[in-house]
Amino acid sequence: MKQSLGLLEVSGLALAISCADAMAKAASITLVGLEKTNGSGWTVIKITGDVASVQSAIITGAHFAEQQTGLVAYKVIARPGEGILSRATVAAPAPMPAPVEETEPETEVVVEESVTETPSDDGIISCNLCLDPACKRQKGEARSLCLHSGKRG
């Protein structure tokens, strides 16, 4: 039997964990992962399982999130195309780096030179607003210095 994919987007990580718990208790599903989306603290819960279980779990999770006034959106894809489920998996977390042993600092005098950032026309992007290499605004400066400050909506 082919797996189906269920997506539930809620506002906040705590609500996402509570909804995932309620969905797992309501139906026989597999929790693929929680993914934080851009802006407003929204979180997507991804689940898989047979079609009826995923639909039941998503309805339960959506109802629970709606009661908490945190429901954003939900969707059940009954038989997703090839490769969709493999892309929905969550990558394993990176291993923690080994602790670095502290050593006694050597008594070496280092002279620091002050470097002033000058905008260049060699294709390096300096403005993080318009991403135009010709813009003279540097990251951190006022937005009004951007070439395209009056052209943004």
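Predicted model: local features only at pLDDT ≥ 70, side-chain atom pairs only at ≥ 80, totals over all residues.
Residues are numbered from 1 along each chain as its sequence is written, and side-chain values use heavy atoms, with hydrogens and water left out. The protein has three helices and four strands, taken as DSSP runs numbered from the N terminus (helices: H or I, at least four residues; strands: E, at least two).

**Overall layout**
- Going along the sequence, you get the pattern β-α-β-β-α-β-α.
- Of the 153 residues, 26% count as buried, meaning under 20% relative accessible area with a 1.4 Å probe and protein chains only (exposed is over 50%, partly exposed in between).
- Take the contacts (heavy atoms within 4.5 Å) with a separation of 6 or more: 56% of them come from residues 24 or more positions apart.

**The sheet**
- Four strands make an open sheet in the order β2-β3-β1-β4, with antiparallel pairing; two strands pair if DSSP finds at least two bridges between them.
- β2 (30-36) and β4 sit at the edges with a single partner strand each, so one side of each has no neighbour in the sheet.
- From one strand to the next, the twist averages 15°.
- β2 and β3 (residues 42-49) pair in the antiparallel sense over six bridges, and Leu-31 stands opposite Ile-47 in β3.

**Helices on the sheet**
- Helix α1 (residues 13-26) packs on the sheet and touches β1 (4-11), β2 and β3, with its direction at about 20° to that of β3.
- α2 lies across β1, β3 and β4, running at about 5° to β1.
- For these angles, axes are lines fitted to C-alpha atoms (for helices, over the stretch in contact), and angles run from 0 to 180 degrees between N-to-C directions.

**Helix against helix**
- α1 and α2 pack at about 140°, their axes 8 Å apart.
- That makes α1 and α2 oblique to each other, since under 35 degrees counts as roughly parallel, over 145 as roughly antiparallel, 65 to 115 as roughly perpendicular and the rest as oblique.
- Residues making the contact include Leu-15, Cys-19 and Met-23 of α1, and Ile-58, Gly-61 and Phe-64 of α2.

**A loop residue**
- Thr-69 is in the loop between α2 (51-67) and β4 (71-77), and is exposed, with a relative accessible area of 74%.
- Thr-69 and Val-10 are 59 residues apart in sequence and 9.1 Å apart in space, C-alpha to C-alpha.
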